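Open the model in your viewer and keep the selection tool ready. This tour goes stop by stop, from the whole assembly down to single residues.

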There are 2 protein chains.
Amino acid sequence: MKPIAFDTLSYTIDGQPIFLCSGEFHYFRVPKKDWPGRMKLLREAGGNCLATYVPWLIHEPAEGDFQFTGDDGRLDLEEFLQTARDAGLYVIARPGPYQYSELIHDGLPGWLVEHYPAVLAQSFDGKPLRPSSISYVHPLFLEKVRTWFSRVCPILARYTVSRGGPIAFTQFDNELTGVHMWFGGLDYHPEAMGFGKPDGRYPRFLRDKYQAIADLNDAYGTDFASFEQVRPLPPGNSSAPADVRRRKDYFDFYLSTIAEYSAALAAWMKEFGIDTPLVHNSANPNMNPYFLETAKALEDSGGFLLGADHYYSLSQAWPQNNPTPQLAIRLFWSLETLRLMGFPPTVYEMPSGSAADWPPITTHDARAFYRMHLGLGMKGYNYYIFTGGPNPPGAGATSDMYDYGAPIGASGDVRPLYHVQKEIGTFLADRPWFARTEQEYDVRCLVDFEYPRSAQYWKQNGDALMRSSEASDFLLKGLLTTAFCAGLSPVLRDLGADDWIGEADTPLVAVCSSSMAANKQKRIIDHLDRGGRMLLLPVIPNLDENLRPCSILADYLGQPTLASARNAAVRVSAAGVANVHNNGEVFLTEKLPPQARIVGEDDFSGKPIAWRIDTPGGGRLIFLGFRWLHAMREHEAMLKNLLAPLGLKPKITCSNPNLWCLLRTVDRRSVLFVMNLLSAPMEARVACQPA
Amino acid sequence: MKPIAFDTLSYTIDGQPIFLCSGEFHYFRVPKKDWPGRMKLLREAGGNCLATYVPWLIHEPAEGDFQFTGDDGRLDLEEFLQTARDAGLYVIARPGPYQYSELIHDGLPGWLVEHYPAVLAQSFDGKPLRPSSISYVHPLFLEKVRTWFSRVCPILARYTVSRGGPIAFTQFDNELTGVHMWFGGLDYHPEAMGFGKPDGRYPRFLRDKYQAIADLNDAYGTDFASFEQVRPLPPGNSSAPADVRRRKDYFDFYLSTIAEYSAALAAWMKEFGIDTPLVHNSANPNMNPYFLETAKALEDSGGFLLGADHYYSLSQAWPQNNPTPQLAIRLFWSLETLRLMGFPPTVYEMPSGSAADWPPITTHDARAFYRMHLGLGMKGYNYYIFTGGPNPPGAGATSDMYDYGAPIGASGDVRPLYHVQKEIGTFLADRPWFARTEQEYDVRCLVDFEYPRSAQYWKQNGDALMRSSEASDFLLKGLLTTAFCAGLSPVLRDLGADDWIGEADTPLVAVCSSSMAANKQKRIIDHLDRGGRMLLLPVIPNLDENLRPCSILADYLGQPTLASARNAAVRVSAAGVANVHNNGEVFLTEKLPPQARIVGEDDFSGKPIAWRIDTPGGGRLIFLGFRWLHAMREHEAMLKNLLAPLGLKPKITCSNPNLWCLLRTVDRRSVLFVMNLLSAPMEARVACQPA
């Protein structure tokens, strides 16, 4: 089997584009006798790959007691890999340390969590987060992991594609940060984090950032005598810029420990012979930008791929039972983020059944969910799970039979969900060119990866008009949702990249918070200076990413001043649309820039809400001081009217705002996706430009 | 038109049961020329009633300037009432003071909120909650309301059924507490609440409860010299029993002000001639028990009816776009609560369109939602809205045209939703006996109305194993959901009533928290002493409703001691079912009562989780120390196995746990409801006992 390569557009084999079509298939659950037959079913449904965890807890049941053989196949990793190769399936090997997978202790060995309480991650007040949440960079934990890798990785290494085996990718750990973030927050383990030690991780991080302790004290409003004296603030919501800075630093530091941990795992994998590209799965769309540091740390690791896990319901506590349009927006954001980070957008865990028997995953929903992903730009997936079976004795955390409502039942029965997956596989098999399609677009929306991260450290506004996480929220629930309902075809661009500056073929939209790094503010100025056109909303930044005053962009625009109308009744009329539902927040322009022409106002106070400036370089900026939650036809009309003078030429027209259209094209071949994520059949007339 | 009477089972006219089928129809929005035609459509769809707000803001646009006439009909309340009578429709009149209804200032006049800032409700730190949230019992506000009622009520009074008019019910205010609770919490207006005044409301409330200040100090751990010195605690989560008591008192006091306000409105309505029963609409199911004080205050008002508003999506921010099974459980709770409070379960605002154009309300969902309500025991509804039209100029908060996606469009077009409503109306018209049906049941679940209220004052456990709001949550998401999935037919009983004590025809289930009033604990003992059988879970109370030690029930049961296994790995096996998914919390029995027989344990520690006691009086109690979020078939099997020795005889068998069945019967006529609240078609074999 030949290696699988990749770029942002697709996976490739021998330079030929392929779609990665994988299914999770656990040798430790599926009876050995059933491996070949179920792999054949996976192939027949269009699968070219399988993924499996290699659970630490079953292969090292007692410390130092490694077991990789067994009559029943439950431990027989090697025969499983041979069987996959014989079936013509690539393998994504996932040896942990963590698996989750509804295993006891999340897949860690019982002896580890029970005999080594020192390695448990700690809350700020020094309590363990929970019995199986570990401090990733604790030296004792790392020592145990290295031993585990020293035994499991050489086995995997014999089966990589370069050695004639099926392993195309190897995953390190699983949904990193999840065991902390879902159970109390960040890890504050004093030893692992190195609080108080001159060469500790935390003091080192701070020294790298600030160089001089005086600069840190200036930023924090503190009087620490040295870096090793510094401690993080307890979790909290304080809005004082000094506190936000200090919490931001701790979050950035925490993510740097994730990167360090990932790099250690990667180095050991390599040391023990693994030569495939490495992959990791972000637990959910919001977390994708948590791995910027990790991606950087693994730049020279011989290939790294970040994907995301896209569940929509794993229990009744999830916000929805079904794929909703609201979720589609978040998944669009997720896939676009992965693309902008340089990866072929991949869903490493694509729902295929559920950890809960109830509420059930219906075939109806699964079909819509899979198709939607093709429309939104996914280039690879791994169904979690394709098939299951009995848990190893005492290893299952949910029930003794791990059936999962999978397409192939625990006892081998072929279920309706299998046929849905075969439809998808057949669609892709019949269209090898589809893997290289790109989305046609008519409006570009800038994203700042800092915005979703800021939700972890900046939780109250203080004097700022708008927090970065509010901007992120508005991007999804306001701007993008309105754009899709209006029949537009938005695409995302990275505010930190250069590929959008000065490009005037389609309008650009920048959703801003009060905080934006100076170099990003300058990019927007460059764009306007080079004749670019854009809509900027809902506020104009006046702070940099560290919440220091920074008004480069505001100065360029003539120093407008804004004020929130949060506590007053307003009536928004903008771009020719009267009474646009203000179910968000309005920012009135108290001082208008000299050259600005008003294009929207509050009918009650008569104050400007929107205005336009044409720049000397031929650029054009429209500012709108309004963020909303998409709700009304008026929101759609307002957005289209605002974008029209910026050069909007819609690619698609659709007569039904409840149906969202996306057109994907490569060369002269296109596929039009018309998405209905509601509960009832819908009709529409749809036309594309060019036809 | 004859008056409409009611009991807990149904509405009646002349002793004959009727179903109240109403539609919201605003004279101030629908053009006058369209009134008769659209009323005819309402009648033809089975409607026998309409409801309308009578908005203060349009009838008193400037203070003292009352307008009840106008060429365009927008103000012509009287002609509207005459038209309704001519159309044979009863009327529910809703003159406020509040309307909400997507009107500016929630329907209050602009002059009131702008010129009288003193009446605005205040947060604990003395800030207005928002521009249109009023302190209900502020004397100045009450004065303005009385003036408004003195003008509007005499008009309405001329059109009550006793005077030959159509008005059968009059609503006071709208979704009381909402304008506080949704915008920051309770009202702490010092003047309205009477802080520091010897005869102030708050000191009076406390004096009534404690009599002697020493007793209050003992409860609060304080040393106040007098009742007027006492101040509430700031909002917070402290778990200290003294703090919980103090917050509970403030919440109870707050609800007593709601009752006082309601009684004042009711008295003025009567004073100004209104002689119909009065109604009020709880904003959502959780709030129904907030009106226990109000119901008591209005006992002698000549008839009072509480109903609830049951929306499922009014914007994309709602937890679901569709009626889900999770919501069905909450609505079952709502309708059962209303019944137990003594009212025919009525939905005063039943979704019929949405305040948002997107996400849309589909006919598919609406049909399922309406039918589900018939199955769950609803006895009356009012579609919000049946039809709309242009907002009075400047009065609309969302858009200038209030279309709402209603069954009859703003311009009079008949939409598919109309035909869905006509199906429901026809079903009811063809079956007049249906209004008297009662639900067949095979298991009774006790509810403590204090549990949902406690979410407002008891937010952290402290030393208690289980808070009351956790018990409420478990009742809905664990017990009832499992029961429906298991094909059982649960019904609710009030723990504070006597109608279940000693009844042994069906098993009884008591979901307990650590807190239960002594008289309620005694009822459970009475039940067991009189031969009753019951399942009690997941903890045994050891505090009374004021969090004072109270172990009457535990003493009776032999003083078992329990401990949470929250921080340990456990494997629950109970009632013959192995490895029941513990996605909640397990309470291990550390000390087993002498006579108890173990029926479930933690496989890891070997400690008991469930046990059974047969009492001398022939009673039988099974205790299960486990609360869960329903997820697995194992949960269903466990529950059925636990109830079997308590006398469970299922009424219905259904082969598909995703379809929930309910059988409603009167005399020898029954209707079987098979509810599919998922997104795909489902099949099942269903049988009833008796057939």
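Here is what to select, and what you will find there.

**Before you start**

This is a predicted model, in which local features need pLDDT of at least 70, side-chain atom pairs count only at pLDDT 80 or more, and totals for chains, interfaces and linings use all residues. Residues are numbered from 1 along each chain as its sequence is written, while chains are lettered from A and ligands numbered from 1 in the order in which they are written.

**Stop 1: the two chains**

Show chain A and chain B together. Chain B superposes on chain A by a rotation of 180° with 0.1 Å of shift along the axis, at an RMSD of 0.0 Å. This is how a two-fold axis relates its copies.

Now select the interface. Here 48 residues of chain B are in contact with 48 residues of chain A. Contact means that the C-beta atoms of two residues, placed from the backbone, lie within 7 Å. Which elements of chain B give two or more residues to this side? They are α12 (325-340), α13 (363-376), α16 (468-485), β21 (577-580) and α19 (633-643) of chain B. These labels are DSSP runs numbered from the N terminus: helices are H or I with at least four residues, strands are E with at least two.

Colour the chain B side by residue class. It divides into 19 nonpolar, 22 polar and seven charged residues. Ala, Val, Leu, Ile, Met, Phe, Trp, Tyr, Cys and Pro count as nonpolar; Asp, Glu, Lys and Arg count as charged; the others, Gly among them, count as polar. The copies meet through the same surface, because 100% of the interface residues of chain B are also interface residues in chain A.

**Stop 2**

Select α12(B). Its 16 residues reach 22 Å from first C-alpha to last, close to the 22 Å expected at 1.5 Å a residue. The expected span is 1.5 Å times one less than the number of residues. Is α12(B) mostly covered or mostly uncovered? It is mostly covered, with 15 of its 16 residues buried. Buried means that 20 or more other C-beta atoms lie within 10 Å of the residue's own; exposed means 12 or fewer, and partly exposed is in between, with C-beta atoms placed from the backbone. Gly342(B) follows α12(B) and has a positive phi, near 105°.

**Stop 3: the domains of chain A**

Colour chain A by domain. There is domain 1 (18-98 + 156-176 + 266-436), domain 2 (443-650) and domain 3 (652-691). The bounds come from an automatic or database domain assignment. Six residues of domain 2 of chain A are in contact with nine residues of domain 3 of chain A. The domain 2 side of that contact has three nonpolar, two polar and one charged residue. The C-alpha centres of domain 2 and domain 3 of chain A lie 27 Å apart.

**Stop 4: helix α17 of chain A**

Select residues 518-529 of chain A. Lys520(A), Gln521(A), Arg523(A), Ile524(A), His527(A) and Leu528(A) are buried in α17(A). They lie on the same side of α17(A), because they cover an arc of only 155° around the axis. That arc is taken from the directions from the helix axis to the C-beta atoms. What do the buried residues of α17(A) pack against? Show β17 (508-511), β18 (533-537), α18 (552-556) and β25 (620-624) of chain A. Just after α17(A), Gly531(A) has a positive phi of about 85°.

**Stop 5: backbone details**

- Pro538(A) lies in the loop between β18 and α18 of chain A. The peptide bond from Leu537(A) to Pro538(A) is cis, with omega near -10°.
- Pro97(A) is in the loop between β6 (90-94) and α4 (110-115) of chain A. A cis peptide bond joins Gly96(A) to Pro97(A), with omega about 15°.
- Ser101(A) is in the loop between β6 and α4 of chain A. Its phi is positive, near 55°, though Ser101(A) is not glycine. Ser101(A) is buried, with 26 other C-beta atoms within 10 Å.

**Last stop: Glu293(B)**

Select Glu293(B), in helix α11 (residues 292-297) of chain B. Glu293(B) counts as buried, with 20 C-beta neighbours inside 10 Å. Leaving out residues up to four places away in sequence, Glu293(B) touches Leu255(B), Ser256(B), Ile258(B) and Ala259(B).

Key: Least-squares fit on C-alpha atoms with pLDDT ≥ 70 in both.
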